[in-house]
Amino acid sequence: METTAAFVGLSCIDCGERFDPDANRCPACGGILDPAYDYGVIDLTREELAERPFDSMWRYEELLPFPRESAITIEEGATPLVECEKLAAEMGVGRVLIKDEGRNPTGSFKDRGQTVAMTAAAQQGASDVALASAGNAGQAAAAYAGRADIDAHVFLPSRAGFTNKAMVNVHGGDMTVVGGRIGDAGAAYADAMAEEGESEGWHSVGTFVTPYRHEGKKTMAYETIEQLDWEVPDAVVYPTGGGVGLVGMHKAATELRELGLIDELPAMYAAQSSGCAPIVEAFEAGKDRHEPVEHPDTICGGIEIPDPGASPWILECLRESGGGAVATDDEEILESAIGVAKGEGVEMGATCAAAASGAWKLADEGEFGADDTVVLLNTATSNKDSDVLRSHLMGKGI
Ligand SMILES: *Cc1c(COP(=O)(O)O)cnc(C)c1O
Ligand SMILES: [Zn+2]
């Protein structure tokens with residue numbers, strides 16, 4: 001495989017063993033694999049980065065496993081960081097900024113994970129990729145696979161959004177819609193993988209199976225910190241499902257510190273819906289691992305992940321960064337999405353609004369200081385679930 005100079009292979013986060021770039025889960029213990037680098041060979045300065053156009057997440061290629069010229073890319077990333085003065089005043093903090101990931105090629109930050117995962121799959125000569133997804137990752141995978149002339153097998157639950165399903169078809173993906181929720185789609189994916197996938201050489205681009213999705217999503221932190229002129233935000237509030245982007249962003253901040261580009265780490269906050277909040281429950285109970293949620297029930301499909309396998313890592317990132325975890329009700333989440341769209345013009349998806357609603361709650365609880373800079377992740381555009389937001393208004397007689 002064609003890799004960058006600093007990338008030295010994949011490290012197991014559980015047993016610490018090192019493996020080649022084509023591994024998936026740890027062959028020794030089954031743990032999650034994390035791309036590792038020799039930071040000593042990376043010579044990046046703030047000035048050097050300032051000279052590069054802000055055009056794609058691949059502008060940080062020294063800190064990615066694969067060179068930009070080999071990437072399966074649709075020019076993802078390089079999204080705006082939108083100043084929200086009204087939100088800052090309402091929350092009583094110095095600044096609130098929304099990292100607007102809705103401006104990605106398929107309308108969500110899942111593109112950042114899929115560009116790296118698909119580049120890895122293409123370099124391994126994959127003919128097929130497969131995953132189970134709540135919706136956005138499946139749509140992104142279908143888009144990137146199409147571009148790479150790879151067949152995508154996408155397993156979605158019936159409650160995935162219409163746009164997600166439609167666009168998997170439009171991108172030419174092979175879609176299986178499974179009655180139920182993400183766990184049911186995951187079971188159908190596992191069956192298909194065992195029956196035909198493994199014999200036909202399907203490559204998984206699923207959450208924390210491929211080691212490259214969090215690696216792509218980490219670029220959100222590089223961009224945010226650079227967009228703030230290297231001022232590290234005091235808090236980053238992240239709508240958390242599998243935690244892929246949260247661990248990625250925390251990793252990215254530690255890398256920038258390792259390279260001497262920043263001194264502090266942003267406090268990472270996981271925001272969830274109270275209808276499915278395994279990370280918040282584990283964080284509040286002081287536990288190192290979550291308890292699976294037996295009856296998840298939230299309108300926020302993107303974060304309805306009742307059994308997040310990476311919970312020990314997520315909890316470690318929250319604690320190590322001095323952050324926390326917060327859950328709010330769907331009603332408050334939908335109100336927040338509508339409030340942000342109305343007051344700031346930013347179209348925040350229903351799932352993503354858990355970050356806004358969670359930030360409001362944290363602000364009410366006095367978690368932020370009056371001068372704090374708070375960054376909210378708008379992980380997907382509200383165009384994908386405008387029907388959900390509109391019907392919330394209808395429920396109120398509007
Ligand atoms: C997938 C998804 C999330 C959760 O992302 P993780 O990084 O897996 O926690 C949040 N918001 C939206 C819109 C998503 O599609
Ligand atoms: Zn291991």
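**A walk through the structure**

Thr254 is partly exposed, with a relative accessible area of 23% (buried means under 20%, exposed over 50%, partly exposed in between, with a 1.4 Å probe and protein chains only). The model is predicted, so local features need pLDDT of at least 70 and side-chain atom pairs pLDDT 80 or more, while totals for chains, interfaces and linings use all residues. Residues are numbered from 1 along each chain, chains are lettered from A and ligands numbered from 1 as written, and side-chain values use heavy atoms, without hydrogens and water.

Thr254 belongs to helix H9 (helices are DSSP runs of at least four residues, strands of at least two, numbered from the N terminus). Ser321 sits in the loop that runs between helix H11 (311-320) and strand E12 (324-328). With a relative accessible area of 9%, Ser321 is buried. The side chain of Ser321 reaches the backbone oxygen of Leu318 at 3.3 Å, a polar contact (N or O atoms within 3.5 Å, one able to donate a hydrogen and the other to accept it).

Oxygen atoms of ligand 1 are approached by side chains and backbone. A polar side-chain atom of Asn136 lies 2.8 Å from one oxygen atom of the ligand, and a polar side-chain atom of Lys217 lies 3.0 Å from an oxygen atom of the ligand. From Gly245 it is a backbone N or O atom that lies 2.8 Å from an oxygen atom of ligand 1. Taken alone, ligand 1 exposes 390 Å², and the protein buries 95% of that (areas by the Shrake-Rupley method).

Phe66 and Tyr212 form a tilted pair, 5.1 Å centre to centre with 55° between the planes. Phe66 lies in the loop between helix H1 (46-51) and strand E4 (81-83), and Tyr212 in the loop between strand E9 (202-204) and helix H7 (213-217), so the pair ties together parts 146 residues apart in sequence. Phe66 and Tyr212 are both buried.

Phe155 and Tyr189 are an edge-to-face pair, because their centres are 6.1 Å apart and their planes stand at 70°. This pair links distant parts of the chain, 34 residues apart: Phe155 is in strand E7 (residues 151-157) and Tyr189 in helix H6 (residues 182-197). Phe155 counts as buried at 5% relative accessibility, and Tyr189 counts as buried at 14%. Elsewhere, ring pairs link Phe7, Tyr37, Tyr39, Phe66 and Tyr212 into a cluster.

The loop between E9 and H7 also holds Thr210. At 4% relative accessibility, Thr210 counts as buried. The C-alpha atoms of Thr210 and Gly286, 76 residues apart along the chain, are separated by 29 Å.

Key:
Areas by Shrake-Rupley, 256 points an atom, 1.4 Å probe, with all protein chains shown as cover. Phe/Tyr/Trp six-rings, centres within 6.5 Å; stacked < 30°, edge-to-face > 60°.
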